[in-house]
Amino acid sequence: MAKQSDDITSIIKGHTFTGHNLHHYSEMNLDRIYMDYNATTPLEPEVIQAISEALEDAWGNPSSNYIAGAKAKAMINQSRENVARMVGGKAEDIIFTSGGTEANNLVLHTAVEHFRRNCRTAEEGDGHQNGSNGRPHIITSIVEHDSVKLVAEHLQKDGRADVTFVPVSKVTARIEVEDIIAAVRPSTCLISIMLANNETGVIMPVQEICQRIKSLNKQRKRLRILLHTDAAQALGKIQVDACELGVDYLTIVGHKFYAPRIGALYVNGPGTRTPLYPMLFGGGQERNFRPGTENTPMIAGLGKAAELVTSNLSDYESHMRSTKLYLEERLRAVFRDKIHFNSHYPGSDILPNTCNVSILGPALQGWKVLSNCTRLLASVGAACHSDSGNRPSHILLSCGVPSEVAANALRLSVGRGTTKADVDAVVEDLRETVQLLEETN
């Protein structure tokens, strides 16, 4: 596999750095080409600048009255506005978190706690909650990120919730709306469906699900079903508007759109229109929903990155789409009938930057190809599953990809700075690697 220094170097490719920065990296190989932007992204120069300014000028406690504290508070307020604007919400709808994992945990925790409190209130009143007594029921999909999937499994194992993991269609790789509706029970308290899948790039019908569930909520005398989407992979790649989607909660993950490793949760009227119960207790920051002294520099970086997305999304999207289409064209031209795209499904929209592909052959498992490439830096699937050995991705298997094809999968995800020259170099690297592996098999 590539050396760690290669991994670090690849992340700086395509971005502007000062002479000081380049001197720091002078001992590294600058020829590696990074195509794993669904795993993480580098910081934009403007984001680095915003973080640096916060570190230098806004080091004070945001709850303090002196200048450094006031500057910190002002930066946090501006960032909240920027993040809200990016997702079509209001500033008061944004709660800053440590990242997407915390945001997702907070949603599932809230849904279960809200159900429990309502059941207790009902018992103290008329003795029942219109069929909603007992354990809360959560609906999610089998292709969710682990920060949703494992939380749901934990709640189920602990006896705190019942969970339905809805499969995706083996034709479209999407969650079918009717399958979600069919899974609803009287005790259903939350539906959590990702906006776009991190491996296939398939965009899920979240808006249609929300429309159907809201109609169902109007007919129910029971507790309203809450709606959540993890938008980690969609932000910065496609237009995301929480109000248009109709969700109650939307997870925001900075390091997927050239921001630092921090996150936020959009909540449609936290504590008023939509319940939100804290998992942590402390000094009252973030209106008591997420206490802890605010990480001002990282919040400033997130806000700047959100501002860039709002201003430049159409350019980002069109560049990534054209680059990905060129990548697919070159792969077809070089590998012909040996290529199988695991990110092409009839009737499904795909993220503009994601190409999941298998090069067919008995010696061409994804991990083996990547470990022999001299330039390409990519992955075989989700970064959080990188320790799962050489097993085929359960996501691809769930989407109907045959096991021997899934075993050869490469997830290639392009970024804002990926060029056609990068694509040409990567495809040539893959051609040489495949030839080598086939000759030595």
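At what angle do the axes of helix H5 (residues 100–124) and helix H6 (residues 146–157) cross? In this predicted model, the two axes cross at roughly 35 degrees and come within 9 Å. The crossing of H5 and H6 is right-handed. On the H5 side, the contact is made by Gly100, Thr101, Asn104, Asn105, Leu108 and Val112, which meet Ser147, Val148, Val151, Ala152 and Leu155 in H6. Sorted by class, this contact of H5 with H6 has 6 nonpolar and 5 polar residues, with no charged residues taking part.

Turning to the aromatic side chains, the structure holds 2 aromatic pairs. Tyr34 and Tyr37 form an edge-to-face pair, with 4.8 Å from centre to centre and 75 degrees between the planes. Tyr37 also pairs with Tyr258, and here the arrangement is stacked, at 6.2 Å centre to centre and 20 degrees between the planes. Tyr37 belongs to the loop between strand S1 (33–34) and helix H3 (45–57), whereas Tyr258 belongs to the loop between strand S7 (249–253) and strand S8 (263–267), so this pair ties together parts that are 221 residues apart in sequence.

The charged end of Arg416 sits over the ring of Tyr316, 3.8 Å from the ring centre. Over the ring of Tyr326 sits the charged end of Lys420, 5.1 Å from the centre of that ring.

Conventions:
Residues numbered from 1 in each chain as written. Predicted model: local features only at pLDDT ≥ 70, side-chain atom pairs only at ≥ 80, totals over all residues. Heavy atoms only, no water. Phe/Tyr/Trp six-rings, centres within 6.5 Å; stacked < 30°, edge-to-face > 60°. Helix = DSSP H or I, 4+ residues; strand = E, 2+ residues; numbered from the N terminus. Lys NZ or Arg CZ within 6 Å of the ring centre and 35° of its normal. Axes fitted to C-alpha atoms, helices over the stretch in contact; angles between N-to-C directions. Left-handed = near helix turned anticlockwise from the far one by under 90°. Contact = heavy atoms within 4.5 Å. Nonpolar A, V, L, I, M, F, W, Y, C, P; charged D, E, K, R; others polar.
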